[in-house]
Amino acid sequence: MIQFIRKSFKRKLLVCFLAVSILPFAVGVMMMTQMFRLRVAGEYEQKNQEQAEMAAQAIDKFFHEMDEALEGLAEDGNILKALTSQDQKAVSGAYERLYGAADRLTGTVQMDIYSAEGDCRLSTGYGTGQKKMPDYWGILKVARTHPDETIIRDEKEYEGSGAMLLRAARAVLDEEGECAGFVVASMGPEEIQPIFSGICGSQDGVALLNGFWEPVYTAGTAAQGGLAWVLRQRVLTGEQILSSLDGNSLYLEELKDWGFLCVLFRPQLITEEIHESMYRLAAVMGAAALIFCLWVSARMSSSLSLPLTNLNQAMDQVKKGDLETRVAVNRQDELGQLAASFNVMTGELKDYMEQQVSQQKKLNEVSIAMMQAQLNPHFLYNTLDTMKWMAKANHIPEIAVMASRLAKILRTSISSDQFITLKQELELADSYAQIQAIRFQNRFSFSYQIPPELEGCMVPKLIVQPVVENAFIHGLADCDQGNIWVTVAQKDQDVLIQVEDDGCGISPEVMEALNCRKQKRLPGRLGLYNVDTIIRLYYGDHYGLKVSRRQEGGTKAAIKLPLNRGEKVGHDN
């Protein structure tokens, strides 16, 4: 798979775009989901804990109010008289105190007065209280042994207690400090329910447990599912008591002064189902984002890779030799600049190739012209005609010399070698001069000088002989006696060949035309034109032929070539 991706720039871009877009999104969604869950759960947990504390404080406040009420009744003289005498006035006062205490609590709490033997003497209830309570065990026994405390117990330890859930009892002491009776407050569900009003909602639950984790009062969702039994089992087995139960959270507050437990039962805000729904929603969003990112990534990768693909295809066409290939430039970024540069490069390459072909064609034409110039029919006719008449008239050996020198020139002209040594080139010029000397009966002299270290330099063939020929034909044409000198010297990394004559000299017009290198063949100057052209084609415009007038009279032609010791090279443009 990795190798498959690496083989395509487009696939690399696609994978990179997907990684950059999808991975941060997926990580971000997971982190946001977890942070949302933790933050909301934390805030909800704090709110629930505060609500559980409020519920515990409410029941604790009620118990303290009950304690104050029972303490006031136990110290009231009318209550003591009602227990120790049959004084109706005291009984009426006792009833008044009992109802007043009930009103200060919830208004429906049943207030009773029991004798020391457990007989009910006075009651605010209507037949719902017990006529007799045992004084040798239970709440009365504890109240007797703790006369300075209000004892609150759950009602389950008594049979026939009806709908009562809680009882509070306090001993009434006589003047000697002996227990004369008891003041007892009895509470049912109707009395306990208002305590939690405004604290627990319709979906909440609350439970009041005794010290044995047995339910005393349950309301709302806490009344279902056997909450007290589950909590007792957790206590016995050592499990986490307040772990969630049926999708609800438990909050426990202990009423240390009374030996009861208040439990708040609250539904969990973010359940596992909600959590799973959040992840499903995130998955749907991720899938939608993935599809969108795939579309955008495909468009972007195609936009970036298509110009490169077109450029690669165009390069393949150029490799096959199609220099007319061009890439459409329809963008202004770096890829557009690259396409424009490719078009410029192919255009310049085409121009360069055409120039190369043109120069090679011109070089071929000049080479043929050089050969034609060297094989000038007029020169050959005059030479052969001279040899014929001399042979007939004088029977002299010069004919053999002329024939051998002419053969040497002809062999070099038709040779396939394009380069010869400088010494060989000067020997060809000397052969030509010997023929002309015989022809014109030694009216002209020819000489050349070359340093030994330059004899092996490689030069294009037949570049000196046309210059020497020009000196004979034009420089010494109207002279009865003349001289031609050829000198060779090295100047830096170049070779300078100078051909001088003491004839009539070159005209300013011809000299200017040759030195300005006008691309024009001058009449009668074909040899000089060919020499200059062929040198420039081989070595560049820095080299070539220059002509000037000598101060002493005559013409000087200077040939400038690069120094190539024994190395046969082609032309360099």
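Reader: Where is the place of Asp492?

Author: In this predicted model, Asp492 sits in the loop between strand 13 (482-491) and strand 14 (494-501).

Reader: What makes Asp492 count as exposed?

Author: Its relative accessibility is 63%. Exposed means over 50%, so Asp492 qualifies. Phi of Asp492 is also positive, near 60 degrees, in a residue other than glycine.

Reader: Is Leu462 buried or exposed, and how do you know?

Author: Leu462 is buried. The relative accessible area is 4%, and the cut-off for buried is under 20%. Leu462 has a positive phi of about 60 degrees although it is not a glycine. The residue lies in the loop between strand 12 (458-460) and helix 13.

Reader: Which residues make the contact?

Author: Helix 12 gives Glu425, Ala429, Tyr432, Ala433 and Gln436. Helix 13 gives Gln465, Val468, Glu469 and Phe472. These divide into five nonpolar, two polar and two charged.

Reader: Which residues have the most contacts inside the largest nonpolar core?

Author: Val468, Ile497 and Ile559, in a core of 50 residues. Beyond four places away in sequence, Val468 touches Ala429, Tyr432, Phe446, Ile484, Val486 and Val499. A second, separate core has 46 residues, including Phe63, Leu73, Ala185 and Tyr217.

Terms used. Residues are numbered from 1 along each chain as its sequence is written. This is a predicted model: local features need pLDDT of at least 70, side-chain atom pairs count only at pLDDT 80 or more; totals for chains, interfaces and linings use all residues. Side-chain values use heavy atoms; hydrogens and water are left out. A nonpolar core is a set of buried Ala, Val, Leu, Ile, Met, Phe, Trp, Tyr and Cys residues joined through side-chain atoms within 4.5 Å. Buried means under 20% relative accessible area, exposed over 50%, partly exposed in between (1.4 Å probe, protein chains only). Contact means heavy atoms within 4.5 Å. Helices (H or I, at least four residues) and strands (E, at least two) are DSSP runs, numbered from the N terminus. Ala, Val, Leu, Ile, Met, Phe, Trp, Tyr, Cys and Pro count as nonpolar, Asp, Glu, Lys and Arg as charged, and the others, Gly among them, as polar.
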